[in-house]
Amino acid sequence: MTADPISGLIAATANADRGAFRELYSATSSKLFGVCLRILKDRSEAEDAMQEVYTRVWLNARRYDSAKARGMTWLIAVARNLSIDRLRARPAAPLNPGKRAKAETGPAADPVAEVADTRRGPEDEVIARSEAQRVVDCFGTLEPERAAALRGAYLDGSSYEELSLHHDVPLNTMRSWLRRGLQKLKECLEA
Amino acid sequence: MSDPAGHMPDREALAAEYVLGTLPLAERLTAEALIASDVNFASLVADWQARLAVLDDDYKEATPPRDMLQRIESRLFPEAARPKRGWLWGAGAGLALAVLALVVFLPPATPPEPAVTATLTGEGQELAVQASYDPQAGALTVRRTAGPAAGAGQDYELWLIPEGQDAQSIGLVRDGDLEIPLDTLPEGATLAITLEPQGGSPTGVATGPLLVAAVISGG
């Protein structure tokens, strides 16, 4: 693994170093705000979520283990989990497949291609490239629709309910689809 | 949920689906409680996070409002000029649950150790439970305020989860007020209710679904 400056900033934050916390904020806030916005699809809610994200980062930084995850991966997981929890805690809005599920949370038309063509963000420089490429390749072995559903679920925080409406399959079918997709992904990565 | 075609043990499927993000809230909360209490489960989650993290590249950057850092800092360090171990110590536990929690503190200016009132709620749950802690009396009073009583042969079991520690059973919520002697209710602690067999979990560890929860926090 190459140097991971974000990881160092999280470690310093764990020691209550406010300067490091600020640096961490400036290095990562745009990415994390992008995560919150994409999942919550509401600017003011995404702003609230951001405050919680960095509050949680400050409070939980000592739980971060640099041996287990890149700094940015950990931070994005914090932002995703918090945003998805917020999304799920919203009062149930009537799902309208014509509007919400399709227009907002539907996966892109050709997600496999998008995964393969993913633009390299700056954090990629610190990801072991071959490992990332392997994951991309393994996504490529999935059936396109299944890869699309997995990707839509992960990036948008779509629920099984939304996905089943969007793909027009029963909820349990969607669930076993995705489970099989995940299983296949794992087998491919372990092969 | 059994899935003949999935071939993944339920535990692993829960970890994978938690990371994928598709689970309904109640199952997400179960997963989050497991992450905090079970290192094996936490490591399954970390493995799945590593597998799916390549998708993170697709999140586009977006510039947050200019005063965001200030807002965060004033929340974290309310008295920057007079450093003090404020509420943030210990407020970290299960902040995941904070979105569900309605926690009311008396205004910060009121006399020392204000009473704390929290309402335990959960998505899709009719059940609501109010918990009031009186630090002077050292007593936590808990009462079901909405939703049905537990079914026949079942009980609502109340758990106290201090930050970073295991859940402790502190009582069964039946009809009427439940008063529990408690020396302290630290900020950051989580109060949660699971559905258990009558008399409470036989193992001392929550076995049933998490129904409602609240994180004690303030500001």
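B:Tyr156 has B:Leu195, in β8(B), as its bridge partner. The model is predicted. That pair belongs to the antiparallel pairing of strand β5 (residues 154–161) with strand β8 (residues 190–197) of chain B, which runs over 8 bridges. Chain A, by contrast, comes to 10 helices and 0 strands.

**The four-stranded sheet of chain B**

- An open sheet is formed by 4 strands of chain B in the order β6-β5-β8-β9, with antiparallel pairing.
- The edge positions are taken by β6 (168–173) and β9 (210–215) of chain B; each has a single partner strand, so one side of each is left without a neighbour in the sheet.
- From one strand to the next, the twist averages 25°.
- Strands of a sheet pair through backbone hydrogen bonds, in either a parallel or an antiparallel sense.

**Strands β2, β3 and β4 of chain B**

- Strand β2 (residues 116–120) of chain B pairs with β3(B) in the antiparallel sense over 5 bridges; within this pairing, B:Ala118 has B:Ala131 of β3(B) as its bridge partner.
- β3(B) also pairs with strand β4 (residues 139–146) of chain B, again in the antiparallel sense, over 7 bridges. Here B:Gln130 has B:Arg143 of β4(B) as its bridge partner.
- The two strands β3(B) and β4(B) make a hairpin with 4 residues between them. In the turn, B:Gly138 has a positive phi of about 60°.
- Which residues lie on the covered face of strand β3 (residues 128–134) of chain B? They are B:Val129, B:Ala131 and B:Tyr133, while the uncovered face holds B:Ala128, B:Gln130, B:Ser132 and B:Asp134.
- In a regular strand, side chains alternate between the two faces of the sheet.

**The nonpolar core**

- The largest nonpolar core has 104 residues, and A:Cys36, A:Val53 and B:Leu191 touch the most other members.
- Leaving aside residues up to four places away in sequence, B:Leu191 touches B:Ala118, B:Leu120, B:Ala131, B:Leu158, B:Leu160, B:Ala213 and B:Ala214. Among these, B:Ala118 and B:Ala131 are the bridge partners named above.

**Chain A overall**

- From the N terminus on, the elements run α-α-α-α-α-α-α-α-α-α.
- Chain A has 191 residues, of which 48% count as buried.
- Of the contacts in chain A between residues at least 6 apart in sequence, 69% join residues at least 24 apart.

**A:Ala79 and its surroundings**

- A:Ala79 sits in helix α4 (residues 71–89) of chain A.
- Why does A:Ala79 count as buried? It has 29 C-beta neighbours inside 10 Å, and the cut-off for a buried residue is 20 or more.
- With residues up to four places away in sequence not counted, A:Ala79 touches A:Leu32, A:Val35, A:Cys36 and A:Val53. Of these contacts, A:Cys36 and A:Val53 are also among the residues that touch the most other members of the largest nonpolar core.
- A:Arg56 is 23 residues from A:Ala79 in sequence, and the two are 9.3 Å apart in space, C-alpha to C-alpha.

**Helix α8 of chain A**

- Helix α8 (residues 144–156) of chain A has 13 residues and reaches 18 Å from its first C-alpha to its last, close to the 18 Å expected at 1.5 Å a residue.
- This helix, α8(A), is mostly covered, with 11 of its 13 residues buried.
- The buried residues of α8(A) include A:Arg146, A:Arg151 and A:Asp156, along with A:Leu150, A:Tyr154 and A:Leu155.
- After α8(A) comes A:Gly157, with a positive phi near 70°.

Technical notes
Residues numbered from 1 in each chain as written. Chains lettered and ligands numbered in written order. Predicted model: local features only at pLDDT ≥ 70, side-chain atom pairs only at ≥ 80, totals over all residues. Buried ≥ 20, exposed ≤ 12 C-beta atoms within 10 Å, placed from the backbone. Contact = placed C-beta atoms within 7 Å. Pairing = 2+ DSSP bridges. Axes fitted to C-alpha atoms, helices over the stretch in contact; angles between N-to-C directions. Core = buried A, V, L, I, M, F, W, Y, C linked by C-beta atoms within 7 Å. Expected span 1.5 Å × (residues − 1).
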